[in-house]
Amino acid sequence: MSSQILAGCRVIELGQLIAGPFAAKTLADFGAEVIKIEPPGVGDPLRKWRLLHEGTSVWWEAQSRGKKSVCVDLRQKEGQDIVRKLAQDADILIENFRPGTMEKWGLSWETLHELNPRLIMLRVSGYGQNGPRAQEPGFAAIGEAFAGLRYLNGEPGRAPVRAGLSLGDTIAGLHGALGVLLALYQRDARGGKGQMIDAALYESLFNLTESLLPEYSAFGAVRQPAGAALPGIAPSNAYRCHDGSHILIAGNGDAIFQRLMRCIGRQDLADDPALAHNDGRVARVDELDAAIEAWTESQTDIDAMLEALKAAGVPSGRIYSIREIAEDPHYRERGAITRIQAASGIDVEMPAVFPILSDNPGGVDRRAPTLGEHTDSVLADAGFDAATLADLRARGVLA
């Protein structure tokens, strides 16, 4: 039996770009067979996003590793018939089109569930499958704002900023993958049937907003942007060094705070009973941040400063760019970076499989597919003979 925990599980991926495909990538990393349906001619738009090598995005190599590509025109009735045929033998179907698109194609949850009662359908969208905003386009930047994340990001009094990554999409994809695994458990371990998972991008982010709503509900408090600091938890901030760079120091635990103050030569603050707990430190956060930054700016050897903090048991670190990540030995020793040779021949490094399971750790054993690479083999396995495939291809249903 394969050590891949999802071996034998078949996934039909109809989505494009990030959210749905990220969920499918996560399942593929643990052994699921993912059949990605792409439009003929152009394929998933992600193939052309950001930096390209010989016409294909290297991001594509990471997002679509381990998948099979089948080119089908879903706008044609015959293409929709093909998806219904594939869905009859699938465990999971993933889509992230605007709500109503699948229904327009005759691929609604009700239709597919009737064809295959064991099918699990993951539907990822910006605002969910119902509600006043359901029909609005769901882009990560807008969902992050609607969920309250963008409001908090940035410096006080300045325009809100984004993280520079499509966090809304990938976090929605992770929530979707979690929903799929829960539905698989209910179906296979508890004798249930297939079910539909409605993963809204904004709700996936809203789920991460910690104390924002409880504080507003209880006190009417609206947390404001605070730059690099973490409001209500002190001291924890980015502190300027002598060369203009910054390091992060998280001294917000009671015992950690005392060790930090002793490390920077402020025994007076370590011994101050008013600073023994977080609420007292928050009341004097500006004073504490100023004391810490006075020390960090005075140190001419940043490595020695970080070593001193480490020896004192104070969480701290540099702010890594991807260059530092790629060169850091901890990433390498943990196997957090994997390398795959793309179809073009270029070697591409990318994040490995997470999380790490002790007995079934997952893995990447197949590169991302070229456009339509598996169309004939997948559809032949589904019962389409060569003459039928040739006819469908001649009519533009297949590429």
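Leaving aside neighbours within four places in sequence, which residues is Met-102 in contact with? Hold that for a moment. First, a caveat: this is a predicted model.

Now the answer. Leaving aside those neighbours, Met-102 touches Leu-14, Leu-93, Glu-95, Phe-97, Leu-107, Ser-108, Leu-112, Met-121 and Arg-123. Met-102 sits in helix 4, residues 101-104. Buried or exposed? Met-102 has a relative accessible area of 0%, and the cut-off for buried is under 20%, so Met-102 counts as buried. One distance to go with that. Met-102 and Leu-398 are 296 residues apart in sequence, yet 19 Å apart in space, C-alpha to C-alpha.

Next, the whole chain. It has 19 helices and 13 strands. The C-alpha trace spans about 85 × 50 × 40 Å along its principal axes. There are 399 residues, and 43% of them count as buried. Take contacts between residues at least 6 apart in sequence: 66% of these join residues at least 24 apart. Charges: 41 positive, 52 negative, with mean positions 4 Å apart.

On to helix 8. It covers residues 167-189, which is 23 residues. From first C-alpha to last, helix 8 reaches 32 Å, close to the 33 Å expected at 1.5 Å a residue. Its buried residues include Gly-168, Ile-171, Ala-172, Gly-176, Val-180, Ala-183, Leu-184 and Arg-187. What do the buried residues of helix 8 pack against? Three helices are on the list: helix 1 (19-29), helix 6 (140-146) and helix 9 (201-206). The strands are strand 6, strand 7 (120-125) and strand 8 (196-200). After helix 8 comes Gly-191, with a positive phi near 70°.

Keep Arg-187 in view, one of the buried residues of helix 8. Its partner is Asp-91. The two side chains make a polar contact at 3.0 Å. Where is Asp-91? In the loop between helix 3 (77-87) and strand 6 (92-95). The Asp-91 side chain also reaches the backbone nitrogen of Arg-10, at 2.9 Å. Asp-91 is buried too, because its relative accessible area is 14% and the cut-off is under 20%. Leaving aside neighbours within four places in sequence, the contacts of Asp-91 include Gly-8, Cys-9, Arg-118, Leu-119 and Ile-120.

To wrap up, two buried spots to look at on screen: Met-102 in helix 4, and Asp-91 with its polar contact to Arg-187.

Key. Residues are numbered from 1 along each chain as its sequence is written. This is a predicted model: local features need pLDDT of at least 70, side-chain atom pairs count only at pLDDT 80 or more; totals for chains, interfaces and linings use all residues. Side-chain values use heavy atoms; hydrogens and water are left out. Helices (H or I, at least four residues) and strands (E, at least two) are DSSP runs, numbered from the N terminus. Buried means under 20% relative accessible area, exposed over 50%, partly exposed in between (1.4 Å probe, protein chains only). A polar contact is a pair of N or O atoms within 3.5 Å; within protein, one must be able to donate a hydrogen and the other to accept it, and residues adjacent in sequence count only if both atoms are side-chain atoms. Contact means heavy atoms within 4.5 Å. The expected span of a helix is 1.5 Å times one less than its number of residues. Lys and Arg count as positive and Asp and Glu as negative; His and the chain ends are not counted. The place of a charge is taken as NZ of Lys, CZ of Arg, CG of Asp or CD of Glu.
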